[in-house]
Amino acid sequence: MSYFYRLTKKRETAMINGKRLVALCTSRVYDPQIHGFIEKFSDYLKERNCCVFIFAINSDIYWEEDRQAAERYVFHLIPYDFVDAVVIMDEKIKSHKIANKIIRHASEKNVPVIIADGRYENTSCINFDYEKGFEKVVRHVIEYHKVKRPHMMCGHPDNEFSERRIEVFKKVIEENGFVFSDSMLSYGYFWADPCRLATEELLEREELPDAIICANDVMAITVAEMFKEAGYKIPEDVIITGFDGYDEIYFTSPKITTASCDIILLAQSTAETVINTINGSKPTNSYITPIFISNQSCGCPEHTEHPQILLNWFNESFSRINDDNRVLQQLSSSMQTSSSPGELVSHMECYKTDNLICVVDRNIFNSENNYFTVAEKYMHPKDFVIMFDSDHPKDYKADTFTMPEPNEESTEDVLSVNIREKITELSCTGYPLIFNSLDFMDRPFGFICYYFNGYFISNYTNTMSVTNSLCTGIGGYVNIQYQRTLLDRMDEMYKHDILTGLYNRAGFLKVYTDLMSKGKYFGEKVTVIMSDMDGLKYTNDTFGHAEGDNAIYTVAQALASITPENGISARFGGDELFSVIFGEFDSEKAIKQVEEYLSSYNSRYNKPYKISTSCGYSTSIFNKDYDFIQAMKDADEMMYAVKNKKMVNRK
């Protein structure tokens, strides 16, 4: 029985296992901040009869850049027909294009959207009041520590977030009697490398600032490192502060003063907004003020709020990263070199692939086409099937990998009909399901669903490396299988005569040599039938070589029609054709059937010429001493005797 109950009167009656379904769109679930958000957010919603599906990428898109990121396909998989609300962590995904696309699709299905840390029209938005938080840092440095030469390390020029923080800096210093000048600003672009260049220029000044207020923590850490390398002491020679509250600030020396955009408060506020929205509230905007954290880099006492569990996680991760990488590398390599889908799946089972199902488009196993190089316009909607289920690995390890028949009701989302019952079953735990897209060569081909009975960050960290390994393993297998198909085609082309489709000389000798080496038919009778066309030169000279080729092709088809499956038919050149047949065989009857085939062809097509051939045969026992050349000569002699008899009769 289906786990889904879907009523049509109102959207809010959609349920999964009797619970509301909330889709969370984010990135890097293994990041401690995002992990903390997920735990708080999911637990809050679980208590209010909701389940959470997490659609996550593992890298930054970097806002409006044009780089293709196939993993963004995961956001295409949101099952809007079953979702009650969509949450977008805008600052984590970092792509207005993706966010606007999700909002558009949600709107088409009347699904409300909540934005965590971002601003979009017709949505409920929960944001940090960055200006208030940054102002707390600036005022602390200027008014509490009484610095004389304040300086600001800004983000991007003309960037909205950077410009707002610059205005805060200007306001506070001017209120405290400073005259602002552009020399008080450097631009570190929010990232380490450009910040290094800006800091190098700053260090070359004759008079250095006694305080550098950075627009984010990444730049603060970078500035602090470079000043220490240059021989300056922090905070004795220069105060350095950051902003954002990244976890890295607790592992620096000295620890960085900052204002923390508390992800837990954001999770709480976002979850509350989700419930209010589902219950009918209109879109709202709300703000959270970042928490000021004084620390050693400004001369204040050490702040040790950071939980010890994170340090333990770092230690545990580094201690086993080499073993994990080795296991996943071997898994990926074994998958790529598999000879069949069944063998491919058999290599997927290991301790690193616990608690997941792997879902793919069934079309990846069509080796006639390379799934990853077919033009997008020729791609069909994906037909999802479960390829591997870590709960039941033996069900997907058959020698011949089988899949359910295509279903016309399939949809291209995580609740497609072929996989819906399994996904629904996994949602019963109350913990969120995490979805990563599978992609290879910038072409998505499925997804992974991770399900964990808890929030251990080591499990969340596992997702990125496993996803990458399975992408490479499956994608590499598909590529190699297609290459094998191409090689097989080339081999067939090399072995077969292009006109008749029969084996050519090289192809025949390869097959014949293989039979001799294996001794497959030793002890059985072997018959060689030789065929030589009658009047081919006349046909070529009178009606052209195209008609001559047609005559050769027709005789070849006649000869192939009487050759059993274990026989070999070949054309060594010209119009000389032959078949080698193993076992009991009535040669006279077979030759008569060839003549009947050609007679029927002549009557049906009424060509201005008649197609006929003369045949001879020889029969002996196949063994290691069998002389094929002599057998051909014997059959050839009979064939010419038949041909000469025909010539005498015509006279």
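Me: Which residue is the bridge partner of Pro 150 in E10?

Reply: Please keep in mind that this is a predicted model. Strands of a sheet pair through backbone hydrogen bonds, either parallel or antiparallel. Here the bridge partner of Pro 150 is Ala 211 in E10, and the two strands involved, E8 (residues 150–154) and E10 (residues 211–214), pair in the parallel sense over 4 bridges.

Me: In what order do the strands of that sheet lie, and which are the edge strands?

Reply: The sheet is an open one of 4 strands with parallel pairing, in the order E9-E8-E10-E11. Its edge strands, each pairing on one side only, are E9 (185–187) and E11 (239–241), and from one strand to the next the twist averages 20 degrees. Helix H7 (residues 217–229) lies across E8, E10 and E11, and it runs at about 150 degrees to E10.

Me: How many strands form the open sheet whose pairing is mixed?

Reply: That open sheet is formed by 10 strands, and their order is E13-E7-E6-E5-E3-E4-E17-E18-E15-E16. Strand E13 (285–288) and strand E16 (384–389) are the edge strands, each of which pairs on one side only, while neighbouring strands are turned by 20 degrees against each other on average, with direction ignored. Within this mixed sheet, E6 (residues 113–116) and E7 (residues 124–128) pair in the parallel sense over 3 bridges, and Ala 116 stands opposite Ile 126 in E7. Helix H1 (residues 32–46) lies across strands E3 (20–27), E4 (50–57) and E5 (85–89), running at about 175 degrees to E3.

Me: Is Arg 443 buried or exposed?

Reply: The reading rests on relative accessibility, with buried meaning under 20%. Arg 443 is at 9%, and therefore it counts as buried. This residue is found in strand E18 (residues 443–451), and a polar atom of its side chain lies 3.1 Å from the backbone oxygen of Tyr 371. Beyond its neighbours within four places in sequence, the residues in contact with Arg 443 include Ala 70, Phe 372, Glu 376 and Leu 438.

Me: What span should helix H8 have at 1.5 Å a residue?

Reply: Helix H8 (residues 263–278) has 16 residues and should therefore span 22 Å, which agrees with the 22 Å between its end C-alpha atoms. At the start of H8, a side-chain oxygen of Asp 262 reaches to within 2.8 Å of the backbone nitrogen of Ile 264, and after the helix comes Gly 280, whose phi is positive, near 110 degrees. Among the buried residues of H8 are Ile 263, Leu 266, Thr 270, Val 274 and Ile 278.

Me: Which elements do the buried residues of H15 pack against?

Reply: They pack against strands E19 (525–533), E20 (568–573), E21 (576–582) and E22 (613–621), and against helices H14 (536–543) and H16 (587–605). The buried residues of H15 include Gly 548, Ile 552, Val 555 and Leu 559.

Me: At what angle do the axes of H14 and H15 cross?

Reply: The two axes cross at roughly 145 degrees and come within 7 Å. Leu 536, Thr 539, Asn 540 and Phe 543 of H14 make the contact with His 545, Glu 547, Gly 548 and Ile 552 of H15. Sorted by class, this contact has 3 nonpolar, 4 polar and 1 charged residues.

Note on methods
Residues are numbered from 1 along each chain as its sequence is written. This is a predicted model: local features need pLDDT of at least 70, side-chain atom pairs count only at pLDDT 80 or more; totals for chains, interfaces and linings use all residues. Side-chain values use heavy atoms; hydrogens and water are left out. Buried means under 20% relative accessible area, exposed over 50%, partly exposed in between (1.4 Å probe, protein chains only). Contact means heavy atoms within 4.5 Å. Two strands pair if DSSP finds at least two bridges between them. Axes are lines fitted to C-alpha atoms, for helices over the stretch in contact, and angles run from 0 to 180 degrees between N-to-C directions. A polar contact is a pair of N or O atoms within 3.5 Å; within protein, one must be able to donate a hydrogen and the other to accept it, and residues adjacent in sequence count only if both atoms are side-chain atoms. The expected span of a helix is 1.5 Å times one less than its number of residues. Ala, Val, Leu, Ile, Met, Phe, Trp, Tyr, Cys and Pro count as nonpolar, Asp, Glu, Lys and Arg as charged, and the others, Gly among them, as polar.
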